[in-house]
Amino acid sequence: MKLLLCFFILITITSGSHAAPPEYVAKKAGCTMAMDGILDEPAWQKAEPVGAFVFPWYESGEKEQTEAKIVWDDERIYFSYRCEDKHIWAEHYTHQSAVFRDDCCEAFICPVPEGPERLDYINYEINCIGTWLAGYHAKSRDKDGRFTDCRGLEIGRFINGTCNNDEDEDGGWVLEFSVPFEHFKEFTADFPPKNGQVMYIGLHRLGGKTNMQYSQWAPSQTEKPNFHSPKDFGKVTLSTEILK
């Protein structure tokens with residue numbers, strides 16, 4: 001009997017070891033959103049951060065934190081990141097290049113919350129100087145590769161310091177960008193969103209050359225660094241409550 005009880009306790013502990021993904025309510029912008037790297041719009045001022053980023057594969061170095069927010073309107077979804085960073089670095093100036101080797105922030109978006117498309121997503125990876133890489137991963141349609149039509153992607157950034165100069169100490173950087181819902185036209189989700197519509201989103205950051213860290217809002221449950229784990233993305237509920 002004791003052996004059986006121990007077995008059930010072990011099963012309970014094991015089944016609970018996979019943490020539930022975090023959740024966030026993204027509210028609607030009631031103002032014009034300018035992608036300029038200056039987060040002075042009322043929507044950004046009123047929006048709550050998603051929560052602290054975590055470092056699932058931490059080995060060494062300084063854990064530089066990120067404050068991220070999400071808002072939306074009838075045409076677009078918007079992301080902002082305030083990044084602590086003492087040594088800002090970026091060497092990639094060509095779109096669809098390896099920007100993830102630089103100081104970089106990312107949003108991986110699953111627009112369909114259930115069914116065969118649940119794990120289909122588009123990833124946007126943008127370094128601190130505004131160079132982007134985008135991928136389209138839709139296994140339900142046997143489509144996997146680069147996302148080539150990024151028309152409408154708008155990016156703003158601000159660097160408080162000097163990029164690619166480790167002789168000084170920088171004050172951090174800001175990235176904001178917006179994605180038109182038109183990018184998801186092949187998915188079965190409806191846009192403009194309705195109140196309570198759900199998307200699953202992974203928000204990630206990479207630390208660049210000097211302090212190469214992997215951090216995330218919703219941690220991937222993988223042994224090695226891997227942001228491409230859509231089953232672990234955070235749950236984002238779109239609310240029609242206006243931020244103004």
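Student: How do the residues lining the largest cavity divide into nonpolar, polar and charged?
Tutor: Two are nonpolar, four polar and three charged. Here Ala, Val, Leu, Ile, Met, Phe, Trp, Tyr, Cys and Pro count as nonpolar, Asp, Glu, Lys and Arg as charged, and the others, Gly among them, as polar. Bear in mind this is a predicted model, where local features need pLDDT of at least 70 and side-chain atom pairs 80 or more, while totals for chains, interfaces and linings use all residues. Residues are numbered from 1 along each chain as its sequence is written, and side-chain values use heavy atoms, leaving out hydrogens and water.

Student: Which residues line the largest cavity?
Tutor: The lining is Phe55, Glu62, Glu64, Arg205, Leu206, Gly207, Asn211, Gln213 and Ser215. A cavity is a set of points on a 1 Å grid over the protein atoms alone where a 1.4 Å probe fits but cannot get out, and lining residues have an atom within 4 Å of a point.

Student: And which strand gives the largest share of that lining?
Tutor: Strand β10 (residues 197-207), with three residues. Strands are DSSP runs (E, at least two residues), numbered from the N terminus.

Student: Switching to Tyr81: buried or exposed?
Tutor: Buried, because its relative accessible area is 0%; the cut-offs are under 20% for buried and over 50% for exposed, partly exposed in between, with a 1.4 Å probe and protein chains only. Tyr81 sits in strand β3 (residues 76-83).

Student: What lies 2.8 Å from a polar atom of the Tyr81 side chain?
Tutor: The backbone oxygen of Glu106.

Notes
1 Å grid on protein atoms, 1.4 Å probe; cavity = no way out; pocket = protein on both sides within 12 Å on 5 of 7 lines; lining within 4 Å. Helix = DSSP H or I, 4+ residues; strand = E, 2+ residues; numbered from the N terminus. Polar contact = N/O pair within 3.5 Å; in protein donor to acceptor, adjacent residues only side chain to side chain.
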